[in-house]
Every structure is written in C-alpha cells, then in structure tokens.
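Dear colleague,

I am handing over the structure below, and after it I describe what was found. Please keep it open while you read, so that each place can be looked up as it is named.

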Amino acid sequence: MPRELIDISVPLQSGIASDPPGLLPEIEYLDHSQTVGDILSFFPGATPEDLPDREGWALEWVRLTTHNGTHLDAPYHYSATMDGGARAITIDEVPLDWCLQPGVKLDFRHFPAGYVATADDVAAELARIGHELAPLEIVVVNTAAGTRYGHDDYVSAGCGMGRDATLYLLEHGVRLTGTDAWSWDAPFVYTAARYAREGDAAIIWEGHRAGREIGYCHIEKLHNLEALPSTGFEISCFPVKVHAASAGWTRAVAIVAGD
C-alpha cells in the first residue's frame, strides 16, 4: 500500500474568523480580465487581441502577518533569548531537520476551552497510546478548536499547553510541536480572567515562554488532526524563509507510511 499524504494545514483565507480583530489577513483577488494592461505593459505595441482569449494573468495582493494561516513560530517570537540566555533564532535559522520528523499526536479534545494542560496530562496521554518520546519527534496536540476554524469562537476554543507540559516535551528532546488551536497557550480570554482573579503574571503566555529555557518551535492553526493516528506517521512543515522573522507560513503535511 502506498504512503498516504494528509493535509494538516488550514487555507489562508480572508473574511473568516481565523484571528483576533486587527490581525486578520486580507486578500485581494485579480482575475485574468483585470490584469490585461499589466501584461501588455511589458510588450510595447501589443494589444488585448494578441493575448489568448484576451486574458492577462491571475494574481493576488495579500496583507498579512507571518502568524496568519498555518505557520511555524521561531523561538525569537517568544523572546529575544533562548536556552537560558543565548540569542533566540529567527525563522530563517531554524534547523531544517526539526521540520521533517516522526510525529506523535496527543488527543486533548476532551479538555474544555481554556484548560491548561499539564505535564501529567502529557504523560498520561503518552501512556494511553503506548508511546515513549524520542528526540526530535514532532508532537501535535488535537484540541477541541480543531473543528472550529473559521467560526466566531475559534480564537477562544480549545485547551492550551502550560509551561510544565511544554517543558516535559522539550526535556525529552522534542524541538517542534504543534496545535490546531489559534495559540499553543490557552485562549487569552481565559488567561486574562485567571490573571484578574489571581494576579499571577507567570501564567501569561506560559507555554510560549518555556522557550526562554529550551528553544523550540511550534506550529499553530493546524487542521484535520482527527484524521491522524497517534503514531506511525511523519510530519513535514518547512517554513517559508522570511529573513530575520518570528514566524513563517508552512504547508504542513502528515505522511502516513503504507503497509
């Protein structure tokens, strides 16, 4: 049986609830009839009749951040430093061997929105699926947010990964993780409510900030993780090489080996 390729990326799309207000992507589509003048400007003397069916080219103008769509965060996104004080690497410096490795899926869909997963939760799920982590494996977290992409509640859906859960993975040699939620951390609306009650600033972006201690990358806005087995697949998630950037877009794909 041939290997199976499973798309685990969301489409980069405007006009849907994919990000908080002010951070949404904008895409302007130009069809073949709108760009005839553009292509003719390269060829003095040419007329629309010289073009097949009087067509120019299709193209899109895009305004977005490097964190729109399915993207890979570099350690630089979380802090200026990593590994206890070293300069944090940017997306164009992420080791390529981090981005094509065996994958492991943690099924956390049963946790409610706003829940902060712990190291014990990770250990329990690994025990349930009968897997022992190996260095550089890519660990992806299937949350309840996975089916909410594009819906009004997407940004506030799903659980997040806490500091100790993240460090549990990193201390086992994992250097790249992922989630189908908007953020690796719990939705901000829940963290803000906790902060208002408890006044503990350590809970703010705690999963991300674990990268200050051990540098790592994670993918956000994954999709279709429900289609993956717990193990027995690879993930390819090479980021677009944006110079000195905090993130890069990726077409993340799971590769399931055939029999």
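Let me begin at the end of a helix: H3 is followed by Gly130, a residue whose phi is positive, near 70 degrees. Please bear in mind throughout that this is a predicted model.

At the other end of H3, where the helix starts, a side-chain oxygen of Thr118 comes to within 3.3 Å of the backbone nitrogen of Asp120. Along helix H3 (119-129), the buried residues are Ala119, Asp121, Val122, Glu125, Leu126 and Ile129. Seen down the helix axis, these buried residues of H3 fall within an arc of 160 degrees, so they line one face of the helix. On the other side of H3, Asp120, Ala127 and Arg128 are exposed. What do the buried residues of H3 pack against? Their partners are strand S7 (100-107), S8, S10 and H4.

That brings us to helix H4 (residues 163-171), in which Ala165, Thr166, Leu167, Leu169 and Leu170 are buried. The buried residues of H4 pack against several elements, including helix H3, strand S9 (138-142), strand S11 (176-179) and helix H6 (206-209). Just after H4 comes Gly173, which takes a positive phi of about 95 degrees.

Next, the sheet. Nine strands form an open sheet with mixed pairing, in the order S1-S15-S13-S7-S9-S11-S12-S4-S14. Its edge strands, each of which pairs on one side only, are S1 and strand S14 (247-249). On average, neighbouring strands of this sheet are turned by 30 degrees against each other, direction ignored. Within the sheet, strand S13 (residues 233-236) runs antiparallel to strand S15 (residues 253-256), and four bridges join them; in this pair, Glu234 stands opposite Ile255 in S15.

Asp19 lies in the loop between strand S1 (4-7) and strand S2 (26-30). Is Asp19 buried or exposed? With a relative accessible area of 7%, Asp19 is buried, because the cut-off for that word is under 20%. The side chain of Asp19 makes a polar contact of 3.1 Å with that of Asn68, and another of 3.0 Å with that of Trp182. Leaving aside neighbours within four places in sequence, the residues in contact with Asp19 include Leu24, Pro25, His67, Val155 and Lys221.

Finally, the protein chain is divided into domain 1 (26-63) and domain 2 (71-256), and the centres of domain 1 and domain 2, taken over C-alpha atoms, are separated by 41 Å.

Terms used
Residues are numbered from 1 along each chain as its sequence is written. This is a predicted model: local features need pLDDT of at least 70, side-chain atom pairs count only at pLDDT 80 or more; totals for chains, interfaces and linings use all residues. Side-chain values use heavy atoms; hydrogens and water are left out. Helices (H or I, at least four residues) and strands (E, at least two) are DSSP runs, numbered from the N terminus. Buried means under 20% relative accessible area, exposed over 50%, partly exposed in between (1.4 Å probe, protein chains only). A polar contact is a pair of N or O atoms within 3.5 Å; within protein, one must be able to donate a hydrogen and the other to accept it, and residues adjacent in sequence count only if both atoms are side-chain atoms. Contact means heavy atoms within 4.5 Å. Two strands pair if DSSP finds at least two bridges between them. Axes are lines fitted to C-alpha atoms, for helices over the stretch in contact, and angles run from 0 to 180 degrees between N-to-C directions. Domain bounds come from an automatic or database domain assignment. The arc is that of the directions from the helix axis to the C-beta atoms.
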